[in-house]
Amino acid sequence: MIMADKKLDIVPLSGWGMFTDPRPSVVAGPCSAESEEQVMETAKGLKELGINVFRAGIWKPRTHPGCFEGIGVPGLKWLQRVQKEYGLKVATEVASEKHVAECLKHGVDMVWIGARTTANPFLVQEIADALKGTDIPVLVKNPVNPDLELWIGALERLSRAGIRKLGVIHRGFSTFDKIKYRNDPHWDIALEMRSRYPELPFFTDPSHLGGSRDYILEISQRSLDLGFEGLMVESHCNPQVALSDSKQQLTPEQLKDLLHNQIVVRESDSDSKEWRENIDQLRAKIDVIDESIIYSLGSRLKISRQIGEYKKNNNVAIVQAARWDALMAKAIAIGNEYGLPEKFLTDVFNAIHEASVEAQNEIISGKSSEQ
């Protein structure tokens with residue numbers, strides 16, 4: 001039975017016993033637990049700035065063998081020291097049934113599933129089965145590839161195993177394109193997930209998404225502006241000597257400056273009468289424009305079908321490359337006059353063109369019911 005788009009039985013973030021005001025909810029700590037001294041020094045700095053949940057990678061999935069792949073089980077005892085001496089909740093990544101068993105044995109407070117593991121339904125099911133009957137919170141990072149259904153599928157498996165303290169982490173998607181970030185944000189996919197499951201606690205991982213500490217502020221601010229609840233930020237007492245991802249980690253002092261002095265947390269709504277009257281008027285105008293756009297798109301597609309009939313009757317190919325190139329160039333030129341980004345126009349018109357080609361293909365192949 002497919003559960004897609006059905007509401008998940010989720011315990012709100014406030015019921016996890018981990019996160020308190022002020023917003024955002026923050027999980028912070030080093031990419032990897034490297035030594036007991038490094039873990040304790042970083043935890044001490046994070047405790048002093050008010051962080052409640054300490055993260056550290058115990059097992060690290062690395063692209064190439066020979067790289068530091070995590071300290072393993074001994075590092076879990078360091079996390080126990082963090083709990084005992086600083087009163088912090090601790091979290092780490094799991095990628096197998098064995099990892100889950102060790103975390104439960106050592107009293108880890110929360111686990112997350114990494115992007116590479118989310119992409120493997122067999123591993124997710126193994127983890128879900130191992131967690132069955134527990135009350136431990138689980139965060140699920142998006143898969144490495146931009147596949148929303150694969151992300152949702154991982155949540156469904158955990159939900160079916162009875163996991164109710166369930167949330168997601170947006171860390172971006174792998175890409176071959178040259179962009180300034182390490183991973184492509186694909187905010188549209190994150191927003192679609194948010195739209196389908198508004199009850200899910202939503203974190204962003206600006207460290208992995210950006211791949212550089214230089215981008216952590218702008219990514220964090222963007223995610224909070226979109227209404228996401230939390231951040232998972234990598235923090236190391238001495239990032240320069242980190243054994244993994246040294247360029248994307250902040251010191252506790254830098255994280256304190258980010259959270260207390262740089263990030264702006266906005267409210268989701270306002271009780272102001274002026275705000276409500278103005279926003280309702282503006283949204284009403286947008287509704288009228290949207291209806292006009294839909295009407296125009298419908299009219300355009302109707303004409304495309306008529307063109308398909310002419311092409312069919314005259315044995316002409318569907319796609320006319322020169323015509324399309326000229327149309328796109330004209331659209332971009334006009335769009336520039338209105339301050340519309342070229343990529344936005346290209347995405348919109350490519351979608352329109354794809355629908356038109358499909359409609360004409362149905363006419364020519366005889367599959368369309370509209371003649």
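**Strand E5 and its surroundings**

In this predicted model, strand E4 (residues 110-113) and strand E5 (residues 138-141) run parallel to each other and pair over three bridges. Within this pairing, Ile113 has Val140 of E5 as its bridge partner. Strand E5 also pairs with strand E6 (residues 166-170), again in the parallel sense, over four bridges. Here Leu139 stands opposite Gly167 in E6.

The salt bridges in the model number 15. Another of them connects Glu234 and Arg55 through their side chains, at 3.6 Å from N to O. This pair links distant parts of the chain, with Glu234 in strand E8 (residues 230-234) and Arg55 in strand E2 (residues 53-55), 179 residues apart. Glu234 counts as buried because its relative accessibility is 0%, and Arg55 is likewise buried because its relative accessible area is 1%.

The salt bridge between Glu36 and Arg81 has an N to O distance of 2.9 Å. It connects helix H1 (residues 36-48), which holds Glu36, with helix H2 (residues 74-86), which holds Arg81, across a separation of 45 residues. Glu36 is partly exposed because its relative accessible area is 32%; Arg81 counts as partly exposed because its value is 30%. Salt bridges with shared partners join Glu36, Arg81 and Glu85 into one network.

Helix H7 (residues 187-196) has a buried side and a face turned away from it. Trp187, Ile189, Ala190, Met193 and Arg194 are buried. These residues lie on the same side of H7 because they cover an arc of only 165° around the axis. The face turned away from this buried side carries the exposed residues Asp188 and Ser195.

Finally, the surface includes a nonpolar patch of about 480 Å², made by Ile334, Tyr338, Leu340, Phe344 and Val348. Of these, Phe344 lies in helix H13 (residues 342-365) and counts as partly exposed because its relative accessibility is 46%.

Technical notes:
Residues are numbered from 1 along each chain as its sequence is written. This is a predicted model: local features need pLDDT of at least 70, side-chain atom pairs count only at pLDDT 80 or more; totals for chains, interfaces and linings use all residues. Side-chain values use heavy atoms; hydrogens and water are left out. Buried means under 20% relative accessible area, exposed over 50%, partly exposed in between (1.4 Å probe, protein chains only). Helices (H or I, at least four residues) and strands (E, at least two) are DSSP runs, numbered from the N terminus. Two strands pair if DSSP finds at least two bridges between them. Patches are made of residues with over 30% relative accessible area and no salt bridge: like charges are joined within 9 Å, nonpolar side chains (Val, Leu, Ile, Met, Phe, Trp, Tyr) within 5 Å. Accessible areas come from the Shrake-Rupley method with a 1.4 Å probe; for residues, only the protein chains shown count as cover. A salt bridge is a side-chain nitrogen of Lys or Arg within 4 Å of a carboxyl oxygen of Asp or Glu. The arc is that of the directions from the helix axis to the C-beta atoms.
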